[in-house]
Amino acid sequence: MNDEVRKYYVSAPEKEISSDISAKTFDIWNVIEFWRKKLDIGNRLLDVGVGTGHFTYQALRKGYNVIGIDFLEELLEKVANKFPELKGKLHVVNVFDEKSVSEFVRKFNQFDIVTILGLVPNHAENKQQLTASLYNITKFSGVNSLIVEDLLIQEMFPGRPEIYWSEFTHTLTSLSELGEFFKKYGLRLLDAYTIHEIYPAVSEYDKELDEHYIRLFIHKPPRK
Ligand SMILES: C[S@@+](CC[C@H](N)C(=O)[O-])C[C@H]1O[C@@H](n2cnc3c(N)ncnc32)[C@H](O)[C@@H]1O
């Protein structure tokens, strides 16, 4: 358990934790629905790193059969109080911990759609942990499933160190590491978008922060 990350999330304002999921900036549901129809993908959705629960709740309201996981019980309790319909659908799982992931999959089986929004793998303390989380995430996804994953990529930030500190440590991955990951699991890249989130200046940092990352739509194909 990364104490730095825990400390941040138990006190951070909701606006900072939550990705902007308004259709104004990027209509994620449109893209998910497009690929679901095209590839005949089911509606069992796992939301990894629920944070404020807004996305998980949207998925539920849209008729998805939803489960949400996060490594912070405190956050899950807040989400269950805010959205009582999600009670019983939220579980503590640490995606950096292979045992925690495998136990969860044994109990709940694999999913048709796995969403990992808000740079969860980049919360890793080092490269090894980041790579392990990418591999762990594929354990959640069944055959013929869709993985939607946000990632900070090294090549998008020339000169920026692979590991840097903002509110907590962030670890970046590279295109070649991603390529290896795709190859190892026979994954197919369906779509890639760049998302820009502009954070307003705060007292600790007097400039707007243009944090941009890629949102990947990945297909885990059916067995041949
Ligand atoms: C930036 S927030 C994003 C929340 C939400 N997915 C969104 O996009 O609005 C990242 C979330 O990932 C969770 N998280 C971080 N590391 C995790 C881990 N190892 N396993 C599971 N959840 C983790 C944090 O507790 C937090 O709720």
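Arginine 6 counts as partly exposed because 15 other C-beta atoms lie within 10 Å (buried takes 20 or more other C-beta atoms within 10 Å of a residue's own, exposed 12 or fewer, and partly exposed falls in between, with C-beta atoms placed from the backbone). The residue is found in helix α1, residues 3-11 (helices are DSSP runs of H or I with at least four residues, strands are runs of E with at least two, and both are numbered from the N terminus). Arginine 6 and arginine 160 are 154 residues apart in sequence, and their C-alpha atoms are 25 Å apart in space. All of this comes from a predicted model, in which local features need pLDDT of at least 70 and side-chain atom pairs count only at pLDDT 80 or more, while totals for chains, interfaces and linings use all residues. Residue numbers start from 1 along each chain as its sequence is written.

As for the overall fold, the protein has eight helices and nine strands. Its radius of gyration is 17 Å, close to the 17 Å that the globule rule gives for 224 residues, so the protein is as compact as a globular protein of that length (the radius is taken over C-alpha atoms, and the rule is 2.2 Å times the number of residues to the power 0.38). Along the principal axes, the C-alpha trace spans about 50 × 40 × 35 Å. Of the 224 residues, 33% count as buried. Among contacts between residues at least 6 apart in sequence, 65% join residues at least 24 apart (a contact means C-beta atoms, placed from the backbone, within 7 Å).

Next comes the pairing of β1 and β2. Strand β1 (residues 44-48) runs parallel to β2, and five bridges join the two (strands pair if DSSP finds at least two bridges between them). Arginine 44 has asparagine 65 as its bridge partner in β2. Strand β2 itself, residues 65-70, also holds valine 66, and the strand is mostly covered, with five of its six residues buried. Valine 66 is buried because 26 other C-beta atoms sit within 10 Å.

Helix α3 covers residues 28-39, twelve in total, and reaches 17 Å from its first C-alpha to its last, close to the expected 16 Å (the expected span is 1.5 Å times one less than the number of residues).

Asparagine 109, which is not a glycine, has phi near 65 degrees and lies in the loop between α6 (98-108) and β4 (111-116). Asparagine 109 is exposed because 10 other C-beta atoms lie within 10 Å. Leucine 119 has a positive phi of about 65 degrees and is found in the loop between β4 and α7 (127-140). Leucine 119 counts as partly exposed because it has 17 C-beta neighbours inside 10 Å.

Around the ligand there are 20 residues, of which Ser19, Gly49, Gly51, Leu117 and Gly118 come nearest (a residue is near if its C-beta atom, placed from the backbone, lies within 6 Å). By class, this shell has twelve nonpolar, seven polar and one charged residues (Ala, Val, Leu, Ile, Met, Phe, Trp, Tyr, Cys and Pro count as nonpolar, Asp, Glu, Lys and Arg as charged, and the others, Gly among them, as polar).

How values were computed: Contact = placed C-beta atoms within 7 Å.
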